[in-house]
Amino acid sequence: MNIPEAAITAILGYVVVFFGLALLMAVIVIVGKVMVSASKKSAAATAYAPAAPAPAAQSPAAPGSAGSVSLYDVPDKEAAMLMAIVADQIGKPLNELRFKSIKEVK
């Protein structure tokens with residue numbers, strides 16, 4: 001391979017690599033915009049959802065429960081999972097534990 005052929009091969013290699021990088025960047029930008037719009041739609045749907053009714057202040061707790069728990073920036077599913085993990089780790093049934101609040105530490 002002589003010098004002009006090597007230069008053409010090198011230039012074509014650079015073009016292919018930069019084209020691949022530009023294509024990858026475009027895909028990442030498009031996927032990012034799709035995800036942002038999907039999260040905006042989800043946030044808009046939850047913003048217009050009716051608020052859950054507040055529990056009665058003096059209602060008795062259900063049999064076997066230990067009262068209510070206050071959740072701060074934690075979805076119900078994650079809170080339930082955390083409570084189950086704690087109960088399993090300390091070896092006590094969940095209905096014998098009392099969780100006052102669960103808050104995400106940021």
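1. Asp73 is exposed, with a relative accessible area of 57%, where exposed means over 50%, buried under 20% and partly exposed in between, using a 1.4 Å probe and protein chains only. Asp73 sits in the loop between β1 (70-72) and α2 (76-90), and has a positive phi of about 60° although it is not a glycine.

2. This is a predicted model, in which local features need pLDDT of at least 70 and side-chain atom pairs count only at pLDDT 80 or more, while totals for chains, interfaces and linings use all residues. Residues are numbered from 1 along each chain as its sequence is written, and side-chain values use heavy atoms, with hydrogens and water left out.

3. The chain averages a pLDDT (the predictor's confidence in each residue, from 0 to 100) of 81, and 76% of the residues score at least 70.

4. Met35, found in helix α1, is exposed, with a relative accessible area of 55%. Buried residues make up 7% of the 106 residues in the chain.

5. Of the contacts in the chain with a separation of 6 or more, 64% are between residues 24 or more positions apart, contact meaning heavy atoms within 4.5 Å.

Conventions:
Helix = DSSP H or I, 4+ residues; strand = E, 2+ residues; numbered from the N terminus.
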